[in-house]
Amino acid sequence: MKDLTRAINDHLASEFQASHTYLAMSIWLRENDLVGFSTYMLNKSNEERGHAYRMIAYLVDSEQQVELPTVNAPERSWPSVKELFDIVAKMEKGVTASIDHLYTLAEQLNERSATAMLDWFVEEQVQEEAEARFVCKRLRLAGENSAALLLIDQQFLDGTALASVKGGSGFASVAAN
């Protein structure tokens, strides 16, 4: 369990760094009057912190030592919204790789409680990466068109931007029938 505890504590750095970076992104987006994107990134920041809390709870409940990581100051500006979301997509892939590593380690150590806890994270990361890809594709389609960017921002503000992604693009409801 010692190796797994160390790995989970190391992973906490990824979750807290993502939270901190997403908060900085939210601020930058708000400063650039993109309130919908800003609100989305603020929610993502809170989600990432929640992910860290979930792992902390597992460690505490397993009577393991929690080591809070140092968080680096994130960037404070980005060349464009598209480049900002390219970074989000890259960060989510990194978090997924870290969770995959934790899962492999938990399986090797035959730690059933850890794999059960990590199942939630595996599913969550599928969703996180799908959202990031979707936003990047939309921004690529918008290109340099500021009206298209504002339309996407408005969709984030009114909560419709990711409706098709969160529901599995309708595939989940078809599969259930």
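Helices and strands are DSSP runs, numbered from the N terminus, a helix having at least four residues and a strand at least two. In this predicted model, M1 accordingly lies in the segment before α1.

## Overall architecture

The chain has seven helices and zero strands, and its elements from the N terminus on run α-α-α-α-α-α-α. The C-alpha trace spans about 55 × 45 × 20 Å along its principal axes. Of the 177 residues, 41% count as buried. The chain exposes about 9,700 Å², of which carbon and sulfur atoms supply 53%. Among contacts in the chain with a separation of 6 or more, 79% are accounted for by residues 24 or more positions apart.

## The N terminus

M1 is partly exposed, because its relative accessible area of 28% falls between the limits of 20% for buried and 50% for exposed. Neighbours within four places in sequence left aside, M1 is in contact with Y58, S62, Q64 and E111. M1 and E123 are 122 residues apart in sequence, and their C-alpha atoms are 23 Å apart in space.

## Nonpolar cores

The largest nonpolar core has 28 residues, and F37 and F85 are those with the most contacts inside it. At least two residues of this core come from each of α1 (2-31), α2 (35-61), α3 (81-108), α4 (112-142) and α5 (146-158). Another core, of 20 residues, lies apart from it and has L12, L59, I99 and A106 among its members.

With neighbours within four places in sequence left aside, F37 is in contact with L29, V81, F85, L139, L149, I152, D153 and F156. F85, one of these partners, is also named with F37 as having the most contacts inside the largest core.

## Pockets

Rolling a probe the size of a water molecule over the atoms shows where empty space is left.

For the largest pocket, the elements that give two or more residues to the lining are α3, α4 and α5.

The lining of the second largest pocket receives at least two residues from each of α2, α5 and α6 (163-166). Helix α2 provides the largest share of that lining, with five residues.

## Individual helix residues

E128 is found in helix α4. Is E128 buried or exposed? E128 is buried, because its relative accessible area is 3%, and buried means under 20%. Residues up to four places away in sequence not counted, E128 touches K44, E47, E48, H51 and E92.

N46 is found in helix α2. N46 is partly exposed, because its relative accessible area is 37%, a value between the limits of 20% and 50%. N46 and Y22 are 24 residues apart in sequence, with a C-alpha to C-alpha distance of 8.7 Å.

## Loop residues with positive phi

Most residues other than glycine have a negative phi. D33 has a phi near 60°, a positive value in a residue other than glycine. D33 lies in the loop between α1 and α2. D33 is exposed, because its relative accessible area is 62%, and exposed means over 50%.

Phi of N110 is likewise positive and near 60°, in a residue other than glycine. N110 is found in the loop between α3 and α4. N110 is partly exposed, because its relative accessible area of 48% lies between the limits of 20% and 50%.

Note on methods
Residues numbered from 1 in each chain as written. Predicted model: local features only at pLDDT ≥ 70, side-chain atom pairs only at ≥ 80, totals over all residues. Heavy atoms only, no water. Core = buried A, V, L, I, M, F, W, Y, C linked by side-chain atoms within 4.5 Å. Buried < 20%, exposed > 50% of the residue type's maximum accessible area, 1.4 Å probe, protein only. Contact = heavy atoms within 4.5 Å. Areas by Shrake-Rupley, 256 points an atom, 1.4 Å probe, with all protein chains shown as cover.
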